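Let's walk through this model together, from one residue out to the whole chain and back to some local details. Keep the structure open and follow along.

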Amino acid sequence: MSGSELVKSQSESPWVEYGDLGINYDPVNLCKGFPDFPPPNFVVEALISASKNPAAHQYTRQYGNPRLVKILSKMYGQLIGRPIDPFKEILITIGAYEALLSAFLGLINPGDEVIIIQPFYDCYPPMVEMAKGIPVYVSLKPPADYEHRPVSSAEWKLDFQELASKFNERTKMIVVTTPNNPTGKVYSKEELLEISKLCRKFGTIALMDEVYEWIIYDSAKHVRMASLPEMWPYTLTIGSIGKTFNVTGWKIGWVYGPANLINPLQIIHSNTVHTCPTPIQEASAIALEIEFSRLGKPDSFWKQTSNELQAKRDLIVNYLQSAGFNPTIPDGTYFIVASYQNIDWPSSKVNYTEKSPGDKFAKWLCIEKKLLTMPMSYFYANPSKNEGKNWVRFCFFKTDSTIHDAGRILRQMKLKLNSKL
Ligand code: PMP
Ligand code: GLN
């Protein structure tokens, strides 16, 4: 017996193969986005405390544990400057993944178009296709001289004329990831306003993947689309406890927006997942209550985490630049993309199966050099995969010691004779 037509039209997520490379070759692992050190104490304590509540071991409300949706409504209500109904305007999901899937399944009709900005988080296109929608791609472009100077993620830009040309009456949705995985770009208010104008003109939903909302560097500012003028009726915003408190294994996510957009997602959720794990939701609520009370204060965990991550970012930038990579310096997230165009590596001599452009380099780096990254072409769709061909993504949410280990490997890299450095 074989899989369904749907499965035949899809391929396995690249995280599976790259997860196996990590297990089989025991490299310094800068591939997947999670910290290799313990989460904060107050978050672990929240889980211990939740586990002592007998009621927390049984099913909770299907659309979200009341304590969790209440603190989320209070927090985002303040952050976007409007009241949010905790029961009708929020849905708790199994990670941001389920929030994305229920948004596509709940809102897309066959033939509806969904604009996806490349490089994108890899699960968007297969999910849109599961909902029988049609992905329409547009790319962020790095500056033309990115190989000759350090560039910032803010310099990866959309061509707004090109973007406007992709909108039409069938454009049901646009997916925007800010801060962006993989580039680390934090969309400016001006950029979001441009997108918002198009959404209002064409009645298009802005599906905002803001899971890295708290990981912001330097003077960058995270702007929430839902807070922009007249955008509430058009916006669904996704968050993740994994990214909020460095506990990716908790797999609790949420989506908030107007009741008429949330309700279809609730219906999908009620017939699939039905309800998310209660102890994790209870612990998430406790931790959010604590952290929300110190928002903007010097003891804010989110602020401290960004400061710590910024130092790690600077450390890896240094290693990458001195090895001859051309990194884009991220304004947010814990990822950094870098071009390896100047690196000398035996491309014609290695014969690992190349599933996607640049995948051979990443496999060589893992198997021969013991450093695992993620090829950036996996964040582009088929016709444009070559845009990501010479780039790999590194996750720097690791102990300094892990980053130094990676640095030692990077230092052994050699430059091509004709390199443009
Ligand atoms: N969106 C983005 C941009 C991500 O990087 C991730 C990775 N975790 C997700 C969604 C999924 O998040 P979760 O682990 O909460 O399902
Ligand atoms: N979002 C994380 C990343 O980009 C984890 C990947 C995943 O959960 N599949 O590395």
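Leu-158 sits in the loop between β5 (151-152) and α7 (160-166). Helices (H or I, at least four residues) and strands (E, at least two) are DSSP runs, numbered from the N terminus. Leaving aside neighbours within four places in sequence, Leu-158 is in contact with Ile-117, Val-138, Leu-140, Leu-163 and Glu-191; contact is defined as C-beta atoms, placed from the backbone, lying within 7 Å. Gln-118 is 40 residues from Leu-158 along the chain, yet their C-alpha atoms are separated by 9.6 Å.

Before going further, a word on what you are looking at. This is a predicted model, in which local features need pLDDT of at least 70 and side-chain atom pairs count only at pLDDT 80 or more, while totals for chains, interfaces and linings use all residues. Residues are numbered from 1 along each chain as its sequence is written, and chains are lettered from A and ligands numbered from 1 in the order in which they are written.

Now step back to the whole chain. The domain assignment gives domain 1 (5-39 + 300-415) and domain 2 (41-293); such bounds come from an automatic or database domain assignment. The C-alpha centres of domain 1 and domain 2 are 24 Å apart. Where they touch, domain 1 contributes 38 residues and domain 2 contributes 44 residues. On the domain 1 side, α12 (301-323), β10 (326-329) and β11 (335-339) each supply at least two residues, and α12 gives the most, with eight residues. Sorted by class, that side of domain 1 has 19 nonpolar, 15 polar and four charged residues. Here Ala, Val, Leu, Ile, Met, Phe, Trp, Tyr, Cys and Pro count as nonpolar, Asp, Glu, Lys and Arg as charged, and the others, Gly among them, as polar.

What holds the most contacts inside the largest nonpolar core? The residues to look for are Phe-104, Ala-206 and Val-255, in a core of 114 residues. A nonpolar core is a set of buried Ala, Val, Leu, Ile, Met, Phe, Trp, Tyr and Cys residues joined through C-beta atoms within 7 Å. Helix α5 (residues 95-107) gives the most to this core, with eight residues. Because domain 1 (5-39 + 300-415) and domain 2 (41-293) both give residues to this core, it lies between them. If you click on Val-255, its contacts beyond four places in sequence include Leu-91, Ala-99, Ala-103, Leu-236 and Ile-262.

Next come the ligands. Of the 14 residues around ligand 1, Gly-95, Ala-96, Tyr-97, Tyr-121 and Ser-240 come nearest, where a residue is near a molecule if its C-beta atom, placed from the backbone, lies within 6 Å of it. The shell around ligand 1 divides into four nonpolar, eight polar and two charged residues. Ligand 2 is surrounded by Trp-15, Lys-32, Gly-33, Asn-181 and Cys-395.

Asn-181 leads us to the backbone. Most residues other than glycine have a negative phi, and most peptide bonds are trans. The peptide bond from Asn-181 to Pro-182 is cis, with omega near 20°, and another cis peptide bond joins Thr-178 and Pro-179, with omega about -15°. Pro-179 is found in the loop between β6 (171-177) and α8 (189-202), and Pro-182 has its place in the loop between β6 and α8 as well. As for phi, Lys-132 has a positive value near 65° and lies in the loop between α6 (124-130) and β4 (134-139). Lys-370 also has a positive phi, of about 65°, in the loop between α13 (359-367) and β13 (371-372).

Definitions and conventions: Two residues are in contact if their C-beta atoms, placed from the backbone, lie within 7 Å. A residue is buried if 20 or more other C-beta atoms lie within 10 Å of its own, exposed if 12 or fewer, and partly exposed in between; C-beta atoms are placed from the backbone.
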